[in-house]
Amino acid sequence: MAVAYSAFTVFCALRAPQTTRASAAPEAAAPPAGGEQKKLWGGRFTGKTDPLMEKFNESLPFDKRMWAEDIRGSQAYAKALAKAGVLTDDEAKTIVEGLSKVGEEWAAGAFEIKSGDEDIHTANERRLSELIGATGGKLHTGRSRNDQVATDTRLWLYGQLQLIRAALRELIAAAADRAEAEVDVLMPGFTHLQPAQTVRWSHWLLSHAASWQRDDMRLADLMPRVGTLPLGSGALAGNPFGVDRRFLSQELGFEGRVCPNSMDAVSDRDFVAEYLFAASLHLVHLSRFAEDLIIYSSGQFKFVQCSDAYATGSSLMPQKKNPDALELIRGKGGKLIGNLTGMLAVLKGAPTTYNKDFQESWELMFDAVDTTYDCVRIATGVLSTLRINPDKMLAGLSADMLATDLAEYLVRKGVPFRETHHISGAAVKLAEDRGCELSDLTVADLQGIHPLFGDDVVEVWDFNRSAEMRDTEGGASKRSVLEQVQKLRTYLADTS
């Protein structure tokens, strides 16, 4: 019966070199005279298609990535036709087993693509008929390539989302593990790329993990909309043979969800656009993570150092170590934003139901899936092998970053914050005028600005204390950071 193609099998197949070795399987039916394959739509046409148009129209060079999904959909449809009484049980069994053989050829890299195989549906049906004869011609009864291609696309993307989410969750877990292990490392936090306040390295790391968690939530929310069945909608008006669409949905792992309107079912590519948005936003998040690390690894900072596995050198300057992996992530984020824009432009002018414009969505989608998956894995590798320099991070802290703490010292003595802000600012100005650090000002200097400064003001100049004072939920204190780690782990466990 049907071969079960896992998401991992499909993932490996789509990344394997595509070959077209001749199949050794016996052929049950010869092609038409002259060697030209019949087109699924050819009955109404008498003239030959311009060879340039053949190439312009074909999608097999890229939609063959969905070979396994096309076979799964066809196997389920054959069963539905038998359930509806259109096929006998033996005919359905023959089709299902024949399609399994076609799938084995694809998996082995032995499927032979022939002239006239303009898309994956044509190729698979042609090969099926070669293997089992005329019974193969019954498979398409009541089905259109319009609902078939929409089904294949949804099945393929649904499987890829599972792979991408698994990789993304590994990245989140790596961030949580590292944040816990390095929770005592202090570093400067920045706003406007200017030194701002004391934070923990782990706090910075978890700030990016929080955005990745939202990305995972977004993909999880998208999956049911991707996993909704269009099959059984026909070209646009529905199926005339009473196929059980709920059965088809269950058979294909869509948990009974079906598109509610046949015209919309063949027309809807919202799920592709939604994925492209989710992917582009995720790459924006990875790009910001990459940009931070590019800055932190520069000679002026030296907070971190990328592993040799994710860096390259210069062809001219021997001393250079370039963070190429991070720069490529940053660049590919821009490319995915372009994919999203392109997809929306394809959709915006298309009239209701299916249009060939939609063929352009595949390459945008395939590229976005490949790019997202690769970037997540690279980011995980970079993060897992990154070396940090706690001493450099600590050296990046300066007393002026404690100016807010100085203002808060007076707040605790009852002075309104709007006043303490100006008082602290006056202390900063005094230190600048003297050319000294803010912490070099004496108690007497500070009392000259406001009388409530006492001997205990020296406690303000402790960077660890500054971080520990931010002990609210989500803050920079050690307790709070470890709490954030635990929340991430709970999320991963609860949504596994």
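## Open and enclosed space in a predicted model

The largest cavity has a volume of about 50 Å³, in a model that is predicted. A search of the whole structure finds three cavities of 30 Å³ or more. Lining the largest cavity are I164, L168, D215, L219, Y275, A278, A279, H282 and T372, and the elements that give two or more residues to this lining are α7, α8 and α11. Helix α11 supplies the largest share of the lining, four residues. By class, the lining of the largest cavity has six nonpolar, two polar and one charged residues.

One of the residues that line the largest cavity is H282, whose place is in helix α11. Is H282 buried or exposed? H282 has a relative accessible area of 3%, under the 20% limit, and is therefore counted as buried. Once its neighbours within four places in sequence are left aside, H282 is in contact with L168, W212, D215, T372 and V376.

The structure also has pockets to consider, and about 530 Å³ of space lies in the largest pocket. Its lining has 21 residues, of which W204, S207, H208, R288 and D292 lie nearest the centre of the pocket. At least two residues of this lining come from each of β1 (186–191), β2 (194–200), α8 (201–226) and α11 (270–296). The following table sets the two spaces side by side.

| Space | Volume | Classes of lining residues |
|---|---|---|
| Largest pocket | about 530 Å³ | nine nonpolar, eight polar, four charged |
| Largest cavity | about 50 Å³ | six nonpolar, two polar, one charged |

In soluble globular proteins, nonpolar side chains tend to be buried together. In this model the largest nonpolar core has 107 residues, and those with the most contacts inside it are L157, W201, W212, Y275 and V304. Helix α7 (residues 145–181) gives the largest share of this core, 16 residues. Apart from this core lies another, of 24 residues, among them L186, A431, V460 and W461.

Which residues surround V304, when its neighbours within four places in sequence are left aside? V304 is then in contact with W201, L293, Y296, S297, L386, R387, I388 and M393.

M393, one of these contacts of V304, has its place in helix α14 (residues 390–395). With a relative accessible area of 0%, M393 is buried. Leaving aside its neighbours within four places in sequence, M393 is in contact with V185, L186, M187, P188, W201, F303, V304 and I388; among these contacts, L186 belongs to the core of 24 residues, whereas W201 and V304 belong to the core of 107 residues. The C-alpha atoms of M393 and G299 are separated by 13 Å, although the two residues are 94 residues apart along the chain.

A further element to describe is helix α4 (residues 67–83), which has 17 residues. From its first C-alpha to its last, helix α4 reaches 24 Å, close to the 24 Å expected at 1.5 Å a residue. Because 14 of its 17 residues are buried, α4 is largely enclosed by the rest of the structure. After α4 comes G85, whose phi is positive, near 85°.

Notes:
Residues are numbered from 1 along each chain as its sequence is written. This is a predicted model: local features need pLDDT of at least 70, side-chain atom pairs count only at pLDDT 80 or more; totals for chains, interfaces and linings use all residues. Side-chain values use heavy atoms; hydrogens and water are left out. The expected span of a helix is 1.5 Å times one less than its number of residues. Buried means under 20% relative accessible area, exposed over 50%, partly exposed in between (1.4 Å probe, protein chains only). On a 1 Å grid over the protein atoms alone, a cavity is a set of points where a 1.4 Å probe fits but cannot get out, and a pocket is an open set with protein on both sides within 12 Å along at least five of seven lines; lining residues have an atom within 4 Å of a point. Grid points are joined across faces, edges and corners, and a volume is the space filled by probe spheres set on the points. Ala, Val, Leu, Ile, Met, Phe, Trp, Tyr, Cys and Pro count as nonpolar, Asp, Glu, Lys and Arg as charged, and the others, Gly among them, as polar. A nonpolar core is a set of buried Ala, Val, Leu, Ile, Met, Phe, Trp, Tyr and Cys residues joined through side-chain atoms within 4.5 Å. Contact means heavy atoms within 4.5 Å.
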